[in-house]
Amino acid sequence: MSDGFSSVAALWGAVIFSGLYHGINPGMGWPLAVSAALMERNPKAMPKALAMLALGHFLAMIGILLPFTLMVVLIEWEVEIRIAAGFLVMAMGIYLVINRRHPKFLARVHPARLALWSFLAALAHGAGLMLVPIYLGICAIDATETGHLAAQNLMGDTIFTAFAVAAVHTFSMTIAGGLIAMAIYFWLGLKFLSRTWFNMDIVWALSLVLVGAFGIYSAYMDH
């Protein structure tokens, strides 16, 4: 197995892992799926809620990644773009460490509009930004590719890759969040949730800093 293939496989693994990580985080919405099933007194409401949460999260990921599909075409500045993206992600993490308050506008979104809530929550927490260094690493340009051919290859590949990264990530998130929601609804109950509630705000913020640093490091290594 070549080093390049191994590196890309590791980055796709990071896409899946970040999705599982987002799914475990209550801030990405799985408690709302439990709440929907309890309010309607129907377990079938849970997969519907999870689907809406997944849709909103997917759209947020695409909304962040698509602008970078245009930027990576600028081959001459590929490394600079990846480094700048890494610093952007780190800045978001530092901001969330300093500002611990949850965005008030999320509380004003009607509970029935789960897709909208999920979309706004992902943007507010920098969930999409976490994928940017990983995505840019997957789309990294080989040193032997130059000129119009490299640009043509990127134009054909990066948009598809953006959708693939967002889809794989969102699927992983939905599986992780859905399993937790099902375990609480069917077996553990709300008492377990109230006694063992955990806050991932600091862990989430620090993980953004680490992902940004990883993006900068990988850009230097690939250069």
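Of the 223 residues of the protein, 46% count as buried, where buried means under 20% relative accessible area, exposed over 50% and partly exposed in between (1.4 Å probe, protein chains only). The model is predicted: local features need pLDDT of at least 70, side-chain atom pairs count only at pLDDT 80 or more, and totals for chains, interfaces and linings use all residues. Residues are numbered from 1 along each chain as its sequence is written, and side-chain values use heavy atoms, with hydrogens and water left out.

The protein has eight helices and zero strands. Helices (H or I, at least four residues) and strands (E, at least two) are DSSP runs, numbered from the N terminus. Contacts (heavy atoms within 4.5 Å) with a separation of 6 or more come to 85% from residues 24 or more positions apart.

The largest nonpolar core has 34 residues. Such a core is a set of buried Ala, Val, Leu, Ile, Met, Phe, Trp, Tyr and Cys residues joined through side-chain atoms within 4.5 Å. V132, Y135 and W204 have the most contacts inside this largest core. Two or more residues come from each of α1 (3-24), α3 (45-71), α4 (78-98), α6 (127-138), α7 and α8 (201-222). Helix α6 gives the largest share, nine residues. Beyond four places in sequence, the contacts of W204 include Y21, M28, L96 and M130. A second, separate core has 14 residues, among them A33, A36, A181 and I184.

F186 lies in helix α7 (residues 147-195). Its relative accessible area is 43%, so F186 is partly exposed.
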